[in-house]
Amino acid sequence: MTLRPAGQASADGAVAGRLGGLPPMPEGEPVPDLPFLAAVDLAAIPPGATDLPLPTDGTLLFFADTEDPWGDDDWARLIHVPVGTPVSERAPGGDWPPEVHPAKDLLLAIGPSLPNRGSDTEEFPHGGELGSVWWKTCGEMQTEGPVQIGGYPWVWNGHPITDHDHGPGDWVLLAEVGGDDLTDGELGVVYWVIRRDDLAVGRFTEARACFDMVG
């Protein structure tokens with residue numbers, strides 16, 4: 001499932017999030033000193049639209065420094081705002097505030113997800129075959145969008161789950177956020193991954209982020 005700005009093909013019309021702008025932060029909670037990438041309204045995602053056990057309401061806020069994602073452990077943050085929480089759109093304080101990306105509403109687009117590349121493994125015995133199918137059908141599937149929830153990640157160099165040592169558990173792709181509007185014209189993407197059981201009970205603090213780009 002992808003979220004796309006108005007005007008892109010295959011968006012179903014329901015506003016399900018926002019790209020850029022100022023984050024709608026819970027009142028009294030400090031704003032992360034990081035660029036705000038996107039917000040996703042979980043209540044706008046229909047049941048069965050993804051392969052994830054998502055909460056049925058609340059908002060996910062995605063922050064990341066895509067200029068220096070390898071600098072330290074504080075380069076990205078994910079915040080879950082429960083439904084009914086008073087919020088206000090605020091920028092972080094300080095003398096050097098992060099860039100504010102232009103705000104755009106994101107519309108829901110539901111479609112199939114296939115790996116753009118893969119190899120056969122014990123866990124995924126048909127990974128190579130699925131990757132081949134993707135390349136034959138990608139022009140018709142219209143899967144592009146700055147935000148993807150669930151499904152298979154777009155992989156350039158390293159797979160966000162299988163090529164990172166996150167520790168034991170059933171890790172899944174929670175979100176993929178990227179695109180020219182958010183990465184200063186570079187082809188880069190931020191992935192958030194989480195254990196399926198943590199996601200099922202809303203432990204979003206257990207999610208982890210990683211970054212990939214062309215090159």
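Predicted model: local features only at pLDDT ≥ 70, side-chain atom pairs only at ≥ 80, totals over all residues.
Local features require pLDDT of at least 70 and side-chain atom pairs count only at pLDDT 80 or more, while totals for chains, interfaces and linings use all residues. Residues are numbered from 1 along each chain as its sequence is written, and side-chain values use heavy atoms, with hydrogens and water left out.

Strands here are DSSP runs of E with at least two residues, numbered from the N terminus. Buried means under 20% relative accessible area, exposed means over 50%, and partly exposed lies in between, with a 1.4 Å probe and protein chains only.

Two strands count as paired if DSSP finds at least two bridges between them. Strand 2 runs antiparallel to strand 8 (residues 104-109), with 4 bridges joining them; in this pairing arginine 18 stands opposite aspartate 105. Strand 2 also pairs with strand 4 (residues 36-41), again in the antiparallel sense, over 3 bridges. Here leucine 19 faces alanine 38 of strand 4.

The next topic is the nonpolar cores. A nonpolar core is a set of buried Ala, Val, Leu, Ile, Met, Phe, Trp, Tyr and Cys residues joined through side-chain atoms within 4.5 Å. The largest has 34 residues, of which Val147, Ile149, Leu174 and Trp192 touch the most other members. Among the strands that each supply at least two residues of this core are strand 2, strand 4, strand 8, strand 9 (147-149) and strand 11 (188-195). Strand 10 gives the largest share, 4 residues. A second, separate core has 9 residues, including Leu34, Phe36, Phe63 and Val81.

Aromatic rings remain. Rings of Phe, Tyr and Trp (its six-membered ring) pair if their centres lie within 6.5 Å; planes under 30 degrees apart count as stacked, over 60 as edge-to-face and the rest as tilted. The count by this rule is 4 aromatic pairs. Phenylalanine 36 and phenylalanine 63 make a tilted pair, at 5.2 Å centre to centre with 50° between the planes. Because phenylalanine 36 lies in strand 4 and phenylalanine 63 in strand 5, the pair ties together parts that are 27 residues apart in sequence. Both phenylalanine 36 and phenylalanine 63 are buried.

Tryptophan 154 and tryptophan 156 form an edge-to-face pair, at 6.1 Å centre to centre and 75° between the planes. Tryptophan 154 has 27% relative accessibility and so counts as partly exposed; tryptophan 156, at 25%, also counts as partly exposed.
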